[in-house]
Amino acid sequence: MTEVLKGYVCGCCRKYHDELPLNYGSPEPIYYEEASKRERKKRFEINDDLCVMDGEHFFIRGCIEIPVKGLDEPFVWGVWVSLSEEKFESTLENWDNPDREELEPMFGWLSTHLSFYPDTINMKTKVHTRSLDLRPYIELEPTDHPLSVEQREGITMDRVKEIAQYFCK
């Protein structure tokens, strides 16, 4: 049975919202966010999916998908993960390859601060490339970190509402 995504009354603003958001994301890695405008221009090359810092740190944007109990679609955190130079180069070489989802998963470090959780920077991940129309799937190392637990076990609609209210601020 699939639960319908209905609107909700936000506990933060006390207003009714027509839809309950199922995804949140960061437009850049934490290191870019922390840099000044001047440093950003000097030290970073970035687009919607890829980032290079100082010519030696490499990042890719992907999705941490969390099952939502009662829904067919997941809750998604849009995040950035660092890759080794070798894996980043391989990613670039296969960027337009229609068979890129057959590539082996790549080790990476989570490079996005998700303020809803205890520290998420440098959590261990596996980056799974997917078809050309999808960003990579980010698999967290199975630990007792709440984000990792949620990815494995799923969340309820009440948890989705809790997240929405947190970001309403």
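A residue counts as buried when its relative accessible area is under 20%, as exposed when over 50%, and as partly exposed in between. Arg135 has a relative accessible area of 30%, so Arg135 is partly exposed. Keep that scale in mind. The model here is a predicted one.

Start with charge. Side chains of opposite charge can pair when their charged atoms come close. This structure holds six salt bridges. One of them joins the side chains of Arg135 and Asp49, at 2.6 Å from N to O. Arg135 lies in the loop between strand 9 (124-128) and strand 10 (137-140), while Asp49 lies in the loop between strand 4 (44-46) and strand 5, so the bridge ties together parts that are 86 residues apart in sequence.

Next, look at Asp54 and Arg43. Their side chains meet in a salt bridge of 2.8 Å, N to O. Asp54 is in the loop between strand 5 (50-53) and strand 6 (57-66), and Arg43 is in helix 2 (residues 37-43). The two are 11 residues apart, and the pair links distant parts of the chain. Asp54 has a relative accessible area of 35%, which makes it partly exposed. Arg43 is also partly exposed, at 27%.

A further bridge joins Arg159 to Glu150, at 2.6 Å from N to O. Here, both Arg159 and Glu150 are buried. Salt bridges can also share partners: Glu39, Arg43 and Asp54 are joined in this way into one network.

Now turn to strand 10. Its side chains alternate. Ile138 and Leu140 point to one face and are buried. Strand 10 runs antiparallel to strand 9, and four bridges join the two. Within this pairing, Thr125 stands opposite Leu140.

Move on to the nonpolar core. The largest one has 32 residues. Ile64, Phe75, Trp77 and Leu147 have the most contacts inside it. Several elements each supply at least two of its residues: strand 5, strand 6, strand 7 (75-83), strand 8 (106-110), strand 10 and helix 5 (157-167). The largest share, five residues, comes from strand 7. Follow Trp77 to see some of its neighbours. Leaving out residues up to four places away in sequence, Trp77 touches residues including Tyr24, Ile64, Leu114, Leu147 and Ile163. Another core lies apart from the largest one. That core has seven residues, among them Tyr32, Met53, Phe59 and Trp80.

Finally, look at the rings. There are 13 aromatic pairs. In one of them, the ring centres of Tyr24 and Phe75 are 5.9 Å apart and the planes meet at 40°, so the pair is tilted. Tyr24 lies in strand 3 (residues 23-25) and Phe75 in strand 7, so this pair ties together parts that are 51 residues apart in sequence. Tyr24 is buried, with a relative accessible area of 19%. Phe75 is buried too, at 0%.

Compare Tyr166 and Phe167. Their ring centres are 4.9 Å apart and their planes stand at 85°, so the pair is edge-to-face. Tyr166 is partly exposed, at 28% relative accessible area. Phe167 is partly exposed as well, at 32%. One aromatic cluster takes in both pairs: it is formed by Tyr24, Phe75, Trp77, Phe116, Tyr117, Tyr166 and Phe167.

A ring can also face a charge. The charged end of Arg100 sits over the ring of Trp95, 5.1 Å from the ring's centre.

Terms used:
Residues are numbered from 1 along each chain as its sequence is written. This is a predicted model: local features need pLDDT of at least 70, side-chain atom pairs count only at pLDDT 80 or more; totals for chains, interfaces and linings use all residues. Side-chain values use heavy atoms; hydrogens and water are left out. A salt bridge is a side-chain nitrogen of Lys or Arg within 4 Å of a carboxyl oxygen of Asp or Glu. Buried means under 20% relative accessible area, exposed over 50%, partly exposed in between (1.4 Å probe, protein chains only). Two strands pair if DSSP finds at least two bridges between them. A nonpolar core is a set of buried Ala, Val, Leu, Ile, Met, Phe, Trp, Tyr and Cys residues joined through side-chain atoms within 4.5 Å. Contact means heavy atoms within 4.5 Å. Rings of Phe, Tyr and Trp (its six-membered ring) pair if their centres lie within 6.5 Å; planes under 30 degrees apart count as stacked, over 60 as edge-to-face and the rest as tilted. A charge sits over a ring if NZ of Lys or CZ of Arg is within 6 Å of the ring centre and within 35 degrees of the ring normal.
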